[in-house]
Amino acid sequence: MTWDIVIGIETHVQLTTKTKIFSGASTEFGLPANENACLVSLAYPGTLPVLNKEAVMKAIKFGLAVDAQIAEYSVFARKNYFYPDLPKGYQISQFELPVVNHGHLEINNEGVNKKIRILRAHLEEDAGKSVHGIMDNKTGIDLNRAGTPLLEIVTEPDMSSAKEAIAYAKKLHNLVQWIGICDGNMQEGSFRCDVNVSVKPRGSDKLGTRREIKNLNSFRYMEQAINYEVSWQIEQIEDGHDIIQSTVLFNPDSGETKAMRSKEEANDYRYFPDPDLLPLKISQKDIDLIRDSLGELPEECLKKLTVDFKLNEADASIIVSDKKTYEFYQSLVASGLDAKITANWIVGNLFAKLNDHELSIDDCPIAQEQFILLIKRIMDQTISNNAGKKIFDLLWEDPDKNVDTLIDTLGLKQVSDVSAILPMIDEIIQNNPEMVEQFKSGKDKAFNALVGQVMKISKGKANPGQVSELLKEKLTKS
Amino acid sequence: MKDLSLNELNQGLKNKDFSSVELTQYYLNQIKDLNTEINAFITIDEEKSIQQAQQADQLISQNHISELTGIPIAQKDIFCASSWKTTCGSKMLDNFYAPYDSMVVDLFNKCGAINLGKTNMDEFAMGSSNETSYFGAVKNPWNIDFVPGGSSGGSAAAVASGMAPAATATDTGGSIRQPASLCNLTGLKPTYGLVSRFGMIAFASSLDQAGPMAKTAEDCALMLNVMADFDERDSTSIKRDKENYTQSLNASLQGKTIGIPKEFFNDELNDDVKIILEKVMQAYQSLGVNIKEISLPNSQLSIPVYYVIAPAEASSNLSRYDGVKFGYRASNYKDLEEMYLKTREEGFGDEVKRRILVGTYVLSAGYYDAYYLKAQKIRRLIADDFTKAFTECDLILAPSSPSTAFKIGDKTEDPVAMYMQDMYTISTNLAGLPAISAPAGFINKMPIGFQLIGNYFEEAKILNFTHQYQSISDWHKYSPGGVL
């Protein structure tokens, strides 16, 4: 039997606000334990939540970026359960009436576009952390993270392979950073996914029972976890077992998913509207203001690159995979560089180098003006592309070097002067009558060999395009 | 200094008839004499109070004196006060010292009033007799075999017995008005949102409201002048211009209308209470007020609605008392779950547990719609009844309590009988309206009050009506051991 895979994703996106969602405590990461645990974070008696407007604006921004409906009226609810890192004994979240409804995100998986529907996105507060193993036999509680604003983004079950799920997660990861609502730091837990997976016989209308893989904070683990989970579910069903709806955890060491103990998930959260907070009302005016500040979205930028700049889809996708790269590219083109050559240089050379050194574009050692100069020298044919690569490597090693000085000191300037190239061509034609004969009888290979000869006697400095052009002219005339 | 009004105390301090230290010491001595018997205070700290009084005397000597500067005020032990123990009447918080002031305490501190001590109360404000306090029952100063009412029974007993000139209190379903009624005091529950809930330990967040408890409407007005203030730390606090509640105390009532809800004045109403309330009506008529029958058709649903909503919110509000961060923690447990169970089993009293159970039940999956959601809908209908009624009258007159005080222990075995104590007060909490209870007379030597309910933010009108009544009656002047 063949199977359909059905995947839906819930993503917890940590919003980049200065202070917590319901208090004035800082959200700074990495501080000593409980440094950011203010009285509200500690749930001291009589303390009350006050909503952080910035968190709401960021939620709206997301809603607009995925073309969703922004609720004029939404409600904060209490999700009640006991856990030591949940100081109030309830989490403030949105339940029945979330702030964002019905959006979508378009993904591209191996050349195929697909629309993934976003059911809802709601605001909530994060919990603290239980810290094991630092005190004998005791568990520590760190409430620094308690109250950090999260946007939980829930899709419809629209993905049908691990690859699509990853494409969605990456696209979302890019988008939330692009619009400036999340730092995207997966190690620090700023972007975490819960993935719901089920399988059903191919073409069946009836969804299978799903299991939810909790808390995946790397794309690689996500792919492994989904693939494992899918094979496991198929195997179970084919062996005649039912799938039991449950929450599972992925163990990166074994590469397996495993159900949590049923007790850990048997919770009746007793949701009800939080009486300490008024319903959240958002006016059209607020929405319009935020829309104006949204700027270009990755989708529009991609279109601009492929349509206006005629870049291929692959290069364009890489350039818009990150807002800073896109802005870097934009500023280069704006300074007069050729769109295609620049794209090739960013994707082919700069990115390769950055990836080798595990650096982001912010950490690129080469000064932007030197990078621009380098591409300019290639464009104006002062140097060949190969010479450009040599200079690029040298600049990387020593960012204080100057492109033009390097061209001079290394003698990389290419000869584009016809009067200088023609004598060389004549010499080669004269010395290689056999090859000329071969070319004339239709062997293209011979032509390349002749160009090579000219390049050789020019010591690589002749402009290869020009050599090729002049040579062809000469040979076809005579 | 006994029986002086807040205004008279203010005059005395201004005229240097006595200092704040002398005044504070006088009340501290009263407490020493009487509190062992009455049990109105949980925490007294002479040193802190006297220190505040010394600071107040300095202010007064520099002529920086406002209406309550230098005057000792008893604080209900539900209000967090920096460096004071704040117990909320519970074993759970018997070791809890808040590192912050509630807004109410802060406002009194800022105007130079003295914190005289923290008053006893039903545990987490759950109760109508002050018998659920971990710190023991409070005795009614009019007869120590009787309850003072609750949950602000400590505040009521403190003022009624002359241990404090005035006190703060809170009212979730009648906890200011019912004890005021049972102790011959004037107590005002303001409009929901008028007084900040910041630092006031939550029982039922959508119903809790702080207010003053004192001998007269005038004293309540002076207290409310301090207490009513916008607070951005409480999202339900309402931003509006400050009012002076003493300004219109003497306004004429000629031509005004008091509504009498027929649902309250029915056969169920105790005959003696009815007679007393009729006398109150006659007094108002003598002041030129018209009396008009009105209807609050859904008011009989108030108790069931309240006992769904209040426990639901309480069950969630009290989840934070888990032994992890502050307050009581059981000493022996083998794992986390047992720590939770034992901490809450040992730390909470029966009434609190009962309400947590009820609240947890009504919010459970499968019951939410039938209980909580339905209760919220009826709550709206109850509020709508009042809105409609106020198109026909200025204020509504109602009983404050179904009877005078009952004997300690009389209702402890029957929670529902206890809940009925608040049958006339609860609907205003559900609607968020302001209401006052003021002395109306005595039945068998025990006091009883009448209640006036106003529209939103009509505290000034309520205080005006009550003050006018008090200017032609003298029930509020009686104190225990007096002429009766």
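**View 1. The pairing of strands β11 and β12 in chain A.** In β12(A), A:Glu212 is the bridge partner of A:Asn196. The structure shown here and in the views below is a predicted model. Strand β11 covers residues 191–201 of chain A, and strand β12 covers residues 211–216. These two strands run antiparallel and are joined by 4 bridges. Strands of a sheet pair through backbone hydrogen bonds, in either a parallel or an antiparallel way.

**View 2. The pairing of strands β12 and β13 in chain A.** Here β12(A) and β13(A) pair in the parallel sense, over 4 bridges. One residue pair to look for is A:Lys214 with its bridge partner A:Leu249 in β13(A).

**View 3. Strand β14 of chain A and its partner.** Strand β13, residues 246–251 of chain A, pairs with β14(A) in the antiparallel sense. The two are joined by 4 bridges. A:Glu256 in β14(A) is the bridge partner of A:Asn251.

**View 4. The sheet of 9 strands in chain A.** The strands of this open sheet follow the order β2-β6-β7-β10-β1-β11-β12-β13-β14, and their pairing is mixed. At the edges stand β2 (69–70) and β14 (256–259) of chain A. Each of these has a single partner strand, so one of its sides is left without a neighbour in the sheet.

**View 5. The sheet of 3 strands in chain A.** A further open sheet has the order β5-β4-β15, with antiparallel pairing. Its edge strands are β5 (90–94) and β15 (272–273) of chain A, and each pairs on one side only. Strand β4, residues 76–80 of chain A, is joined to β15(A) by 2 bridges. Within this pair of strands, A:Arg78 stands opposite A:Phe272 in β15(A).

**View 6. Chain A as a whole, for orientation.** Chain A has 16 helices and 16 strands. Its radius of gyration is 30 Å, well over the 23 Å that the globule rule gives for 478 residues, so chain A is more spread out than a compact globule. The C-alpha trace of chain A spans about 95 × 55 × 55 Å along its principal axes. Of the 478 residues, 49% count as buried. Among contacts between residues at least 6 apart in sequence, 69% join residues at least 24 apart.

Conventions:
Residues numbered from 1 in each chain as written. Chains lettered and ligands numbered in written order. Predicted model: local features only at pLDDT ≥ 70, side-chain atom pairs only at ≥ 80, totals over all residues. Heavy atoms only, no water. Rg over C-alpha atoms; globule rule 2.2 N^0.38 Å. Buried < 20%, exposed > 50% of the residue type's maximum accessible area, 1.4 Å probe, protein only. Contact = heavy atoms within 4.5 Å. Pairing = 2+ DSSP bridges.
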